[in-house]
Structures are given as C-alpha cells and as structure tokens.
Amino acid sequence: MGQISEAEQFLLDQIRAGDQAAWSRFVERYRGRLLSFAQMKLPQRADAEDIVQDTFVGFITGLANCRGESSLETYLFTILRRKIINMYRSAHTRYVCLVQDVYRTSADEESGSNVYEFFASDETTASVYARRDEQSDLLRAALAAALQSLVDGYKKKLNFRDLEIIELLFYCQLANQTVAGIVARNEKNIAVFKHRCLKQVRELAARGGTPEPPDEGFEDLLTEVWEAGRMSCPKRSTIGAYLLETLDGAWHDYVGFHLNTLGCQFCRANLEDLRKQTAADESRHVQARIMESTVGFLHKPR
Ligand SMILES: [Zn+2]
C-alpha cells in the first residue's frame, strides 16, 4: 500500500484539473469497496449509500488536503471512517472498532476501555505524538519506512508466521497474551519477539537521523503509522487471486489470515466488493450464453 502511486497521482491531477470523465472513473473504481465497508458498519443500505456519497463529497471538497501520504484507497477509507464514527457518536454509541472486531474480549467490554479505543477516536491526543509538525512528520515517515522494510523482509522470505505476529502486535495492538493464543505460541516467546521488533524499528528509523522517539505512546504511534500506510495489506489484485484460489499455498494461507483471522476490514471490504463483482460478471456471462442459444428461436417478424 504505502504512499500514493504514480497512476493515482495522474488520476488526481486530472480530477484537480476538473476532468469529469476522470472523476467518474475515480468514483466507479472506489465506490464498491467503500460501500462494502460502510455496509459492514451500518446495516441499513440507505445509510451506507448516503455515507459513501458523503465521502466522495468530502473528498472532492477537501481535495486540497489530499497530500499523497497514503494510497487513495486508504485516504478514502479514512474519510469514510471518520464519517461513520461521527454518526455513531451522535447516536451516543460508545464503541466503534474499525480496523477489525474479531478479538473483543468480555473484559474489554466490562472495563469500557479496550485495545481498540485508539481506533474509536480520530485524535490520539494523549501522547506527545499528537502534535503534527515537521519533526514529527519526519519521525512518522522514518517509522513507516522501518515498518515497511520489516514487513517486506518477512514477505520476501515467506516468513508469514512472524508477519502475522507483527500484524497482530502493531496493526491491531493486541496484548501479548491474546497474540500468543491466536498463533499458538507461549506468551514469553511473543514478548521476546515484540521486544526485538521494537528495537529493530527504532534502529532502522534512527538511521535516517530522526531523534530517538520516547517510549510513552510509541506503540500507539506505530499503529497509527501502520494504519496510514497499511504496510502489510495485500494488493486488491492479490485479494482477487485469493478469491479465485490461484495463490500459492503459503500466500493463500497468509492472505486468508489477514482477511479472516486478523479481519482487516479494509481488505474485507475489497474482498466483499470483488465477490459481488465476480457474481455480477458470472450472471452477465450466463445471460449472454442464454441469449446466444435462444435468440435464434425468437419469432422473426414477418
Ligand atoms: Zn488489510
């Protein structure tokens, strides 16, 4: 995922120049996955459609704010998510988990504070990292690069088990104990692994000459950076290949983990959208076949 691609930048430039066809292509490209995401959170189809429409309005009216730090998909998901959160807030709902909600524990529910609270608010004001200035932007960029290189390293070596663990630890910010349970390892093992990863990330980030980040709030920041860059999220085409079952064994299992066990909702929205598309393609294909084999029997006008 990461930053905006060249193709996306080109599309964005066309939209900025007022190109209507480009805007229509843009809406066409992203509407399905946004709608799938919204429908997971808002059971009423009409609500979901309204909020997706609002998201595109938000995008086009705030075009100046799109600085290309995330992919366009992630940027749109961010706008959509903020709108959903606001909707829940105004309905006085305490809790919205938007990265995934597979691992809510009953203890979390009772205490009213849980690992996902981070995701429930737009602003992580509690830490020194809340501030956005040039220095902290540099730090974010350095951490993003460090996390990305960690993720890419695991993917290259097909070390999906460790990749899954860092996703659970840093993308989802789950506790060591919960992670240990999911991946069937002991907790100590996970703690050691996590410690090593944190050290690695700090060292990698420090190479860019950014100042040493303080411990306080550091893991929140990693999650924020991970979420903005969606370091490990498979490409949409890979999710498509997963759906068609054409991925190699290890990749298939990993993408399945990301979608179903980790439950990344951005990727699940893509999966759902692709599923609908495939079903629509199949239905069109059947229609074409039926027409082809029957049209000759239609009575010709005399
Ligand atoms: Zn994902």
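Which residues in α7 meet which residues in α10? The legends below take this up, starting with the whole chain.

**View 1. The protein chain is made of 14 helices and zero strands.** This is a predicted model, where local features need pLDDT of at least 70 and side-chain atom pairs count only at pLDDT 80 or more, while totals for chains, interfaces and linings use all residues. Residues are numbered from 1 along each chain as its sequence is written. Helices (H or I, at least four residues) and strands (E, at least two) are DSSP runs, numbered from the N terminus. Of the 302 residues in the protein chain, 29% are buried (20 or more other C-beta atoms within 10 Å of the residue's own, with C-beta atoms placed from the backbone). Take contacts between residues at least 6 apart in sequence: 68% of them join residues at least 24 apart. Contact here means that the two C-beta atoms, placed from the backbone, lie within 7 Å.

**View 2. Helix α7 (residues 134-156) packs its axis within 8 Å of that of helix α10 (residues 187-206).** The two axes cross at roughly 125° (lines fitted to C-alpha atoms over the stretch in contact, with angles from 0 to 180 degrees between N-to-C directions). α7 and α10 are therefore oblique to each other; angles under 35 degrees count as roughly parallel, over 145 as roughly antiparallel, 65 to 115 as roughly perpendicular and the rest as oblique. On the α7 side you'll find A142, L143, A146, L147, S149 and L150, and they meet C197, Q200, V201, L204 and A205 in α10. By class, that contact has nine nonpolar, two polar and no charged residues (Ala, Val, Leu, Ile, Met, Phe, Trp, Tyr, Cys and Pro are nonpolar, Asp, Glu, Lys and Arg charged, and the others, Gly among them, polar).

**View 3. Helix α2 (residues 20-41) and helix α3 (residues 45-61) cross at roughly 135°.** Their axes come within 9 Å. That angle makes α2 oblique to α3. From α2, the residues V27, R31, L34, L35, A38 and Q39 meet R45, A48, E49, I51, V52, T55 and F56 in α3. This contact divides into eight nonpolar, two polar and three charged residues.

**View 4. Residues 93-98 have pLDDT under 50.** pLDDT is the predictor's confidence in each residue, from 0 to 100. Residues 93-98 have 13 contacts beyond four places in sequence in the model. Over residues 104-127 the pLDDT is also below 50, with 31 contacts beyond near neighbours in sequence. For the protein chain, the mean pLDDT is 84, and 85% of residues reach 70 or more.

Definitions and conventions: A residue is buried if 20 or more other C-beta atoms lie within 10 Å of its own, exposed if 12 or fewer, and partly exposed in between; C-beta atoms are placed from the backbone.
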